[in-house]
Amino acid sequence: MPFATRGFSGRRGQADTRVPPGQTMVEKWPVLSAGPTPQVETRDWELTVQDETGTDHRWSWDELHALGVEDITVDIHCVTHWSKLGMAWRGVSLDKILANVRSEHRYVMAHSYGGYTTNLPLEDLLDGKAWIATEAEGEPLDPEHGGPARLLVPHLYFWKSAKWVRGLTMMPDNDPGFWEQYGYHLYGDPWKEQRYR
Amino acid sequence: MPNHLDGNALAGVLSDVFTMDVTAARGRCGSCGRTAPVAEAMVYPDAPGLVARCASCDHVLVVVVTAGERLVLSLAGLDAIDLRV
């Protein structure tokens, strides 16, 4: 079926066990975007976590960093078939952010500046599996790559790592986010090729 | 460099669904009410699907995803489409 989207070039046929099925390694970091790039200054940036009582837990840029920034080296797998291995990131663990947020709900909707959303199980954001990332490859995260801060959930396809993240809302059911409501998988495990529902 | 195209980028995939040229139709944005040819929308192709947004307010008008062997089409952002028959 014809489809007017640009492909990504990379090295095919690599038998690297770090590359999930259906993926191709790239060196250059592709930019994917479904809308205009929000320009958010760090002095205006805020992260809000809303629990089921409607209580908002808020962190400014400085308050986020005060929780402790860590180095992360992970492989990234995009549903559009590219993988970028060994990416160096810096960010704050969601374990630290959610440490004092009590919730009985099992799911989370991530919200972004610009209106993007994506759904995740809460357990996939905990136990050292997810971060609010503010740097990549030794530089502050560029706006086109989701700066000043994006969600980083590297064990799932990269559309789950919401660019320009501004909030997380606890939710009782696994409601679909933006791409999920248009046919993309509710979970998105690259090793199981969970691209579509 | 702009990262979007105009609404004519939808023509190919929509021609697989509709017998008429939807890009020539006038659509009304469900958010701001702007009425304009679909061809004037801003289409973002470098994404997991095609996303067409209102040229006035950025509201999502049309989403097209080829999900394996399925095509998922949303026109939910358009209040109305005015097609010449």
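Start by selecting Glu135(A): at 26% relative accessibility, this residue counts as partly exposed (between buried, under 20% relative accessible area, and exposed, over 50%, with a 1.4 Å probe and protein chains only). Before going on, note that you have a predicted model open, where local features need pLDDT of at least 70, side-chain atom pairs count only at pLDDT 80 or more, and totals for chains, interfaces and linings use all residues. Residues are numbered from 1 along each chain as its sequence is written, chains are lettered from A in the order in which they are written, and side-chain values use heavy atoms, leaving out hydrogens and water.

Arg90(A) sits in strand S5 (residues 82-93) of chain A and Glu135(A) in strand S8 (residues 131-136) of chain A, so the pair ties together parts 45 residues apart in sequence. Strands here are DSSP runs of E, at least two residues, numbered from the N terminus. Arg90(A) is partly exposed too, at 29%.

Next stop: Glu46(A) and Arg58(A), a salt bridge with its closest N and O atoms 2.9 Å apart. Pick strands S2 (residues 46-50) and S3 (residues 56-60) of chain A to see where Glu46(A) and Arg58(A) lie, 12 residues apart.

Hop over to chain B and select Arg28(B) and Asp79(B): their salt bridge has its closest N and O atoms 3.7 Å apart. Arg28(B) belongs to strand S2 (residues 26-29) and Asp79(B) to strand S8 (residues 78-82) of chain B, 51 residues apart.

Last, return to chain A and show Asp56(A) with Glu46(A) and Arg58(A): salt bridges that share partners join them into one network.

Definitions and conventions:
A salt bridge is a side-chain nitrogen of Lys or Arg within 4 Å of a carboxyl oxygen of Asp or Glu. Helices (H or I, at least four residues) and strands (E, at least two) are DSSP runs, numbered from the N terminus.
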